[in-house]
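Have the viewer open as you read.

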Amino acid sequence: MKNESERYKFILEKSGLSKTAFAESLGISRSHNYHLERGTQKPPREVLDRLASIYNINLNWLIHGKGLSGLEQDIVEIELFNQQASAGGTVAGSGREAEDYPEMNYLNVPYSLIRPNRPENLKAVYVSGDSMIEENIDDGDIVIFNTKQQEGNGIYVVSIGNSVLVKRVNFDLSNDTIILISANKAYEPRHYSRHELEDFNVEGRVVACYHRV
């Protein structure tokens, strides 16, 4: 790669993201990203900092073409809880009990699978049940979730008392209600009002899924 713009485009391609998503991860507009790709502009300091922190880029390589890019080490280690999060239709009797100190293993995954999430913010857990099959999350899969993302509607790992579940979560702030929605038409949504949420915790937003082989 002869120049900085080519190296920038290489990072974009390795990220596995669309150009829009890549620009958003750097906090810039699509048009700004276009100019960086074309080489008509140089990345400002804040963009360089994000490239280093989010994508592990060696800035000496990006700017001067010297050394390794930082993308060579594409495998990261994520804590994997040796327990199962229910993707069943009900809470009672379906959620696996969450131990205080569950046995911990580690899952090695390609960094490209979880970018732009930071590996230290991620955890993983096994899935049990069929209520999320329409989201392509099957029984026996492993979901990776970001413990720093706990707001906004989406698919989450949640705990209710001693049960751990994987569900689509809708936050109805106007009514102080949380709705757990299965991605399987066989199961009805479950509503939890304020007085039922004392033991409810959002553990993190699901960002990736490892399927059974």
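## The big picture

The protein has six helices and 10 strands, where helices (H or I, at least four residues) and strands (E, at least two) are DSSP runs numbered from the N terminus. Keep in mind that this is a predicted model: local features need pLDDT of at least 70, side-chain atom pairs count only at pLDDT 80 or more, and totals for chains, interfaces and linings use all residues. Residues are numbered from 1 along each chain as its sequence is written, and side-chain values use heavy atoms, with hydrogens and water left out.

Along its principal axes, the C-alpha trace spans about 60 × 40 × 30 Å. Take the contacts (heavy atoms within 4.5 Å) with a separation of 6 or more: 62% of them are between residues 24 or more positions apart.

## Surface and burial

Out of 213 residues, 43% count as buried. The cut-offs here are under 20% relative accessible area for buried, over 50% for exposed, and partly exposed in between (1.4 Å probe, protein chains only).

## Two asparagines with positive phi

Most residues other than glycine have a negative phi. Asparagine 56 has a positive one, near 60°. You'll find asparagine 56 in the loop between α4 (45-55) and α5 (59-64), partly exposed at a relative accessible area of 39%.

Asparagine 136 also has a positive phi, near 65°. Its loop runs between β4 (122-128) and β5 (142-146), and asparagine 136 is partly exposed, with a relative accessible area of 47%.

## Charges and salt bridges

On the charge side, there are 23 positive and 30 negative side chains, with the centres of the two sets 12 Å apart. Lys and Arg count as positive and Asp and Glu as negative, while His and the chain ends are not counted; each charge is placed at NZ of Lys, CZ of Arg, CG of Asp or CD of Glu.

Side chains of opposite charge can pair when their charged atoms come close. How many salt bridges does a search of the whole structure find? The search gives six, a salt bridge being a side-chain nitrogen of Lys or Arg within 4 Å of a carboxyl oxygen of Asp or Glu.

Lysine 123 is partly exposed at 21% relative accessible area, and glutamate 79 is partly exposed at 24%.

Arginine 168 and glutamate 135 form another salt bridge, with their closest N and O atoms 3.0 Å apart. Arginine 168 belongs to strand β7 (residues 163-172) and glutamate 135 to the loop between β4 and β5, so parts that are 33 residues apart in sequence get tied together. Relative accessibility is 28% for arginine 168 and 34% for glutamate 135.

Then there's arginine 118 with glutamate 120, at 2.7 Å from N to O. Arginine 118 counts as partly exposed at 34% relative accessibility, whereas glutamate 120 is exposed at 51%.
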